[in-house]
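This report considers a single protein chain. It asks how the chain is organised and where the model can be read with confidence.

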Amino acid sequence: HQRHLPGVVHPLLTLTTGHRGNVFHVTPVPFSPGKVATCAADGFLRLTDVEVHSTPSSPLVNRARANSTTSASSNSGGDSSAVIISLEYSSDDGVSQIGFLSSDKMCFSHTFLNANEGLVCSERGLLHFDLRLPARSQKRGSLIEELKKTCKACAPWRLGEDSGDYQLQSAYVFAGGTGVDVALYDLRMSGGSSGNQAVQRYRPKTLQNKSSVAVSGIDLSRNKRELLISYESDQIYTFPIFPDASAAGPTLMDIESNGSAGKKSDKPIPELCSYGGHLNRMTFLKQAKYAGLNDEYICTGSDSGHAWIYEKDSGAVVSFLKADNHTCNGIAPHPSLPYFITYGIDSTAKLWRATVPVDNEVDDSDLGRFKYSREAEYEKSIVLSKWRDARR
């Protein structure tokens, strides 16, 4: 019987994806338990089955699989994960890209539009994929002409408050690249000029003429009234999606009327608020997310290795956590429970639980904890004495 210390997480499975570069994004496939989609620095989007392409790391999993009729080890053999998007079939002219250095053709992230189709942000633009099609049959070229060189982040606009409802497919997507602007694009007009695709643009006032920044993350509020954008080498900004929308939030009619020929405006919408203090320079994919049942908080990572959590209304930093020994790239909050995961350069992700302060008079910072540890008297743990007895 293998015993584990409380608070220490041990992996159950090791998943072999087949990527030859850093894996940037992993998501479960909607309505397909056990299947995950991954994209990486090698420029590939792959589909992997946990039951087929994983190696057990726990005795419990080993015993369970040994008792099953078809074990993962017998199925895995020399199988590889399915390639959905490949460099070999990425160019519009049909010229293979497989021989080129893959570091300039990276895939940053992906998102599903429904159970089978989705979008990939990459250094080849905003790409479309369909899990039902082989790599050679996927749509080629960027869906958005002005982002054909690089699309850093995107967020589909869907009806309703549940952004994870894949039944509510939308033809609109927020996307940004290596420039300052983020725009709401109409994907039904992907064959036209880039100007016809952009329904509305968003740009911070302070970044009007700044060319040294790039978009690193995009998120939408639950009520679809606000847009959250994180910039590389700059701050985080919130924007009203449509300032003149009704109190119930933007509707499909608001978007379509705003994108009509008579009402479309080329003037970008300025920011509502900005949130700074964190560092976003060393890595290029730092995410920023809304958190809380009513999006009361905004969270992000920092080059210092800290996770920053801001109160949205006041801008105050309500939590400052040492989440990584090198760089914290982001926070993934739970949609309803007070839990969140931080991730970064370290080989481990960390699960946190939000709590109220135990004592408002206690300094809970790193320096405060250090001072308290120097003053407090500690008794030896019973675990230590039992461990020494066991070693004898």
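**Overall make-up and confidence**

The structure is a predicted model. The chain contains six helices and 24 strands. Of its 392 residues, 42% are buried. Among contacts with a separation of 6 or more, 51% join residues 24 or more positions apart.

Mean pLDDT for the chain is 79, with 74% of residues reaching 70 or more. Strand 16 has the highest mean pLDDT among the elements, at 95, whereas helix 2 (residues 72-76) has the lowest, at 38. Over residues 64-78 pLDDT stays under 50, and the model has 13 contacts beyond four places in sequence for them. Residues 99-103 also stay under 50, with five such contacts. Where pLDDT is low, the predicted coordinates should not be read in detail.

**Nonpolar cores**

The largest nonpolar core has 25 residues. Those with the most contacts inside this core are F174, L184, Y202, I218, L227, I229 and Y231. Two or more residues each come from strand 10 (153-157), strand 11 (172-176), strand 12 (182-186), strand 13 (198-202), strand 14 (214-220), strand 15 (226-232) and strand 16 (236-240). Apart from this core lies another, of 15 residues, which includes L113, L126, A175 and L187.

**Salt bridges**

The chain has 11 salt bridges. Side chains of opposite charge can pair when their charged atoms come close.

| Pair | N to O distance |
|---|---|
| E146 and R201 | 3.1 Å |
| D295 and R222 | 3.8 Å |
| E226 and K312 | 3.7 Å |

The bridge between E146 and R201 is a pairing of their side chains. E146 lies in the loop between strand 9 (125-130) and strand 10, and R201 lies in strand 13, so the pair ties together parts that are 55 residues apart in sequence. E146 counts as partly exposed because its relative accessibility is 33%, whereas R201, at 17%, counts as buried.

D295 forms a salt bridge with R222. D295 is in the loop between strand 18 (288-291) and strand 19 (297-301), while R222 is in the loop between strand 14 and strand 15; the pair therefore ties together parts that are 73 residues apart in sequence. R222 is partly exposed, at 31%.

The salt bridge between E226 and K312 links distant parts of the chain, with E226 in strand 15 and K312 in the loop between strand 20 (306-311) and strand 21 (317-322), 86 residues apart. Are these two residues buried or exposed? Burial is set at under 20% relative accessible area. E226, at 18%, therefore counts as buried, and K312, at 16%, is buried as well.

Salt bridges also occur as a network, which links E117, D130 and R132.

Terms used. Residues numbered from 1 in each chain as written. Predicted model: local features only at pLDDT ≥ 70, side-chain atom pairs only at ≥ 80, totals over all residues. Heavy atoms only, no water. Core = buried A, V, L, I, M, F, W, Y, C linked by side-chain atoms within 4.5 Å. Buried < 20%, exposed > 50% of the residue type's maximum accessible area, 1.4 Å probe, protein only. Helix = DSSP H or I, 4+ residues; strand = E, 2+ residues; numbered from the N terminus. Salt bridge = Lys/Arg side-chain N within 4 Å of Asp/Glu carboxyl O. pLDDT = per-residue confidence, 0-100. Contact = heavy atoms within 4.5 Å.
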